[in-house]
Amino acid sequence: MGRIGCVGFGGPPAHIALLRRLCVDDRGWLSEREFEDGIAACNLLPGPASTQLAILCAWRLRGPAGAVIGGLCFIVPGLVVILSLSAVFLAARPPGWIEGAGAGAGAVVPAVAVAAAVALLPGSWRRSGPHRTARIRWCGYLLAGGLAAATVGPWLVLVLAACGLIEVAAGLRPPTGGALAALPWGVLLWGTRPWGARPSGARPWGTRPSGARPSGALAPAAALPAAGGLVALAWVAFKVGVLSYGGGFVIIPLIQHDAVSTYHWMTATQFLGAVALGQVTPGPVVLTVAVVGYAAAGVGGGLLATAVAFAPSFAFVLGGGRYFDRLRGNARVQAFLTGAGPASVGAIAGASVPLGQSLAHLWQFAVLALAAGWLLALRRGVVSAITGGAVLGVAAFLAGGPVAA
């Protein structure tokens with residue numbers, strides 16, 4: 001797991017390929033069926049899916065201790081790298097060429113978001129099924145997610161949940177007679193497969209947004225972000241860990257407003273650089289939150305944000321791994337994901353709008369156009385695109401162009 005954490009460039013697809021090679025092809029620790037079941041189970045959860053898959057594979061091999069050790073080995077190498085780079089890029093007076101590299105790499109990020117969404121579209125479209133009405137709903141969910149990410153980023157999770165619940169209501173008829181049938185959480189829990197049922201031959205698993213005004217016991221929790229400092233940082237990181245459906249880019253609208261506008265931990269240009277660092281370093285893309293933590297409170301803030309953001313992933317696997325099979329067989333859960341999935345894809349694409357608005361210099365838009373051609377037309381890799389953008393940023397500095405935020 002540590003080796004994958006060191007060489008896992010390229011995001012979740014690369015991580016899954018490396019995990020498959022290690023656990024299935026080379027070592028034979030898991031069967032092909034078990035590994036595919038693990039991917040499907042992790043896709044049901046919020047948070048970084050490839051990290052959860054690494055934790056899940058380690059848990060199946062060596063129980064809770066293996067899950068903790070495997071997960072840490074997967075996360076820590078990238079964390080060390082990204083905190084080291086944060087110290088350079090977020091220095092009070094970084095060298096001009098460093099600012100140029102950050103501005104150039106950041107200019108690529110909106111195109112990376114669009115490319116990530118485009119890659120997810122075919123699978124999401126196939127999941128919608130052949131029926132015309134279902135595909136019309138799919139288009140509506142996609143549009144809703146994109147508009148939400150572009151306009152009301154901090155409230156995006158409510159839109160994702162609403163799309164999922166609409167699909168549940170559209171595709172399944174709840175039981176009649178009983179007040180529980182009217183409750184959204186009740187709808188999600190009615191399944192067509194008995195609790196504990198497993199596919200034949202399968203191996204057992206494991207040998208409100210801050211602006212809301214809740215009442216009662218929830219009020220103190222909602223008031224925590226207002227306290228500022230480390231409590232606010234922990235709250236932002238917690239939202240990343242429990243509300244990010246659909247891939248690492250969904251975290252962008254969730255945290256950009258908090259990091260840039262609410263708490264002023266970093267500028268919009270620096271946030272673009274943070275997202276770029278999350279892409280070019282090994283390990284989970286969600287490590288972007290470590291850069292935000294570093295900007296807020298130094299190395300300690302980066303470590304705190306990382307711990308809080310990844311803690312839910314460990315909790316989901318350690319506490320619920322044995323229930324994953326029945327969740328996969330729950331028709332209501334699958335319907336929810338059929339609605340929330342395209343909304344997440346739309347949100348990833350919609351995140352490119354606020355990211356593009358953060359570009360400050362004319363030459364950055366030229367870099368963005370080149371990156372879009374590289375990623376979307378030529379279908380080349382993300383790491384090479386961001387590296388190329390950084391090189392062009394250094395060239396812009398050497399040519400006398402503006403690079404400061």
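Student: Why does Arg137 count as partly exposed?

Tutor: Arg137 has 23% relative accessibility. Buried means under 20% relative accessible area, exposed over 50%, and partly exposed in between, with a 1.4 Å probe and protein chains only. Arg137 therefore falls in the middle class. This is a predicted model, in which local features need pLDDT of at least 70 and side-chain atom pairs pLDDT 80 or more, while totals for chains, interfaces and linings use all residues. Residues are numbered from 1 along each chain as its sequence is written, and side-chain values use heavy atoms, without hydrogens and water.

Student: What makes the contact of Glu167 with Arg137 a salt bridge?

Tutor: The side chains of Glu167 and Arg137 meet at 2.8 Å, N to O. A salt bridge is a side-chain nitrogen of Lys or Arg within 4 Å of a carboxyl oxygen of Asp or Glu, so the Glu167 and Arg137 pair qualifies.

Student: Where do the two partners of that pair sit in the chain?

Tutor: Glu167 is in helix α7 (residues 156-171) and Arg137 in helix α6 (residues 132-151), so the pair links distant parts of the chain, 30 residues apart. Helices are DSSP runs of H or I, at least four residues, and strands are runs of E, at least two; both are numbered from the N terminus.

Student: Why is Glu167 called buried?

Tutor: Its relative accessibility is 8%, so Glu167 is under the limit for buried.

Student: How many salt bridges does a search of the whole structure find?

Tutor: The search finds four. One of them joins Glu32 and Arg20, at 2.4 Å from N to O. This pair also links distant parts of the chain: Glu32 belongs to helix α3 (residues 32-42) and Arg20 to helix α2 (residues 12-26), twelve residues apart. Glu32 is partly exposed because its relative accessible area is 38%, and Arg20 is partly exposed because its value is 23%.

Student: What makes Asp258 and Lys239 a salt bridge?

Tutor: The closest N and O atoms of Asp258 and Lys239 are 2.7 Å apart, which means that the pair meets the distance limit. Asp258 lies in helix α11 and Lys239 in helix α10 (residues 229-243), 19 residues apart. Both Asp258 and Lys239 are buried.

Student: Why are His264 and Arg379 both classed as exposed?

Tutor: His264 has 60% relative accessibility, so it counts as exposed. Arg379 has 65% and so counts as exposed. His264 lies in the loop between α11 (251-262) and α12, and Arg379 in the loop between α17 (362-377) and α18 (382-398). Phi is positive in His264, near 55°, and positive in Arg379, near 60°; neither residue is glycine.

Student: How do you know that Val76 is partly exposed?

Tutor: Val76 has 37% relative accessibility, so it counts as partly exposed. Val76 is found in helix α4.
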